[in-house]
Amino acid sequence: MEKFVINGGNALRGDITISGAKNAAVAIIPAAILAEGICVLENVPNINDVTVSLKILAAMGAEVRLLNKNTIQIDSRHIKDAVVPYEMARSIRASYYFLGTLLSKFNHAKVSMPGGCALGDRPIDQHLKCFKALGAETVIEHGMVEITAEKLIGTQIYFDKITVGATINAMLAAVKVDGLTILENAAKEPHIVDLANFLNSMGADIMGAGTDVIKIRGVKRLQGTNYSIIPDQIEAGTYMVAAAATGGDVTIKNVIPKHLEPISSKLVKMGVGIEEFDDSVRITGKKPYERMNLKTMPHPGFPTDMQPQFAALLTLSQGTSIITEGIYEERFRYVDELRRMGADISVDGKVAVIEGVAKLTGAPVKAADLRAGAALIIAGLCAKGVTEIEDIYHIERGYEDMALKLRAVGADIQKRRFPAPDALRAAL
Ligand code: EPU
């Protein structure tokens, strides 16, 4: 097993280049199987969730070639199987996008119930609702979701709840159906626009992505394409917070500043210095920071995927801050770990109250999920002494080369195996 060992206290200084967006990549990779030709994807993040998505493609008979670390060629013309291997699908959330794409390609899909971070109840009722509305039958048995249709027909779908996953799955399932599909109360995240742009570059006819009404006119065929995935808004936000929290001065490169607005505006409010350029932002730490309240909401609201990282920053701010989690039931599973480091946080249901403290101290902690892990890294970078973070596989699901990127801007962070091989041998 591996852990991150951080010796805190260094202010981060220099440049960090952001990788491609995880949540766009994990939708675009399954979408590539709809092409009757070869797709070349650039700016693909080298992270575990992407590796699993590519392994699923390969297991179904696609030819996947790594042209370089972040460029992938996918030839899915010979995929025959509409069943995704159980264990692979169960290990990531985004495996549910194979439901939409396989349904579109074969009128049949069989995929296990998805995995992903444990953030409380994560039903897929809205996904199933849209497949049914398009004319499919859905059955859940023995842990598998099976969807079958004789023919899919365009229709109007109103989401009872704003959901990124179901919006994407509806786009994937509807892209080749007969007629017009209208999605209402759709999610508006940047990766939804990126998926629409990708599908349109293959010949799809999708309008309105990025607004709450998306119109999809089904097309007969989609061709191969070359496409570059957008930069990861949450990875960028994480390093923005890390730079601010350590009182550093970091330029975050390869970003779309517009996508960062919900994050930047909160940082500015706390007193962090931010300069925006065409495709980069410079963060200048100006500690101590003001207290702040925030509530997570669907885009363009404040993203839930940045909530734990902001909590880490607010523990070291002046006064009392209140965080309200508006998306998930259980996204405060990092709080106990931050308390080990000296944070003063109390949680009541979906609300956390943070009393700013003068300092954090390093401690052994565990990452409960991906963004919880990112929050612990930020806390560890600020803490006095050594922080050891276990269960870093959560972090590596979604951040490319995190230790490497942080070391390049002056952080003292190492990835270590534990027990160390020598200690293990001695114990045997
Ligand atoms: N929901 C339902 N029914 C559904 C679908 C969703 O009730 O059929 C609920 C969920 O339980 C949740 C809310 O709607 O309370 C929003 O869920 P959404 O579908 O938007 O989330 P998701 O597709 O499961 C994606 C990201 C998450 C990110 C959320 C919200 C991927 C693979 N995952 O999840 O990313 O938090 O959107 O933006 O794209 C992360 O990257 O750390 C992460 C968890």
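A polar side-chain atom of Lys22 lies 3.1 Å from an oxygen atom of the ligand. This is a predicted model.

| Residue | Atom on the protein side | Distance to a ligand oxygen atom |
|---|---|---|
| Lys22 | polar side-chain atom | 3.1 Å |
| Val164 | backbone N or O atom | 2.7 Å |
| Gly165 | backbone N or O atom | 3.0 Å |

Taken alone, the ligand exposes 820 Å². The protein buries 93% of that area. The space that the ligand takes is the largest pocket.

**The shell around the ligand**

There are 25 residues around the ligand. Tyr96, Gln126, Val164, Asp305 and Ile327 come nearest. By type, the shell divides into ten nonpolar, six polar and nine charged residues. Four helices each supply at least two shell residues: H1 (22–31), H5 (125–133), H6 and H12 (370–382). The largest share comes from H5, with three residues.

**Helix H6**

How many of the eleven residues of H6 are buried? Ten are, so this helix, spanning residues 164–174, is largely enclosed by the rest of the structure. Among the buried residues are Gly165, Ile168, Asn169, Met171 and Leu172. The N-terminal end of H6 is capped by Thr163. There, a side-chain oxygen of Thr163 lies 3.4 Å from the backbone nitrogen of Gly165.

Most residues other than glycine have a negative phi, and most peptide bonds are trans. Several places here depart from that pattern.

Two peptide bonds are the first topic. The bond from Lys287 to Pro288 is cis, with omega near 0°. Pro288 is found in the loop between strand E16 (280–284) and strand E17 (294–295). A cis bond also joins His299 and Pro300, where omega is about 10°. Pro300 is found in the loop between E17 and helix H10 (307–315).

Phi is the next topic. Asn185 has a positive phi, near 60°. Its place is in the loop between strand E10 (180–184) and helix H7 (190–201). Asn254 has a positive phi near 60° too. That residue lies in the loop between strand E14 (249–253) and helix H9 (261–270).

Is Asn185 buried or exposed? Its relative accessible area is 18%, so Asn185 is buried, since buried means under 20%. Asn254 has a relative accessible area of 28% and is therefore partly exposed.

Conventions
Residues numbered from 1 in each chain as written. Predicted model: local features only at pLDDT ≥ 70, side-chain atom pairs only at ≥ 80, totals over all residues. Heavy atoms only, no water. Buried < 20%, exposed > 50% of the residue type's maximum accessible area, 1.4 Å probe, protein only. Polar contact = N/O pair within 3.5 Å; in protein donor to acceptor, adjacent residues only side chain to side chain. Near = heavy atom within 4 Å. Areas by Shrake-Rupley, 256 points an atom, 1.4 Å probe, with all protein chains shown as cover. 1 Å grid on protein atoms, 1.4 Å probe; cavity = no way out; pocket = protein on both sides within 12 Å on 5 of 7 lines; lining within 4 Å. Sits in = over half its atoms within 2 Å of the grid points. Nonpolar A, V, L, I, M, F, W, Y, C, P; charged D, E, K, R; others polar.
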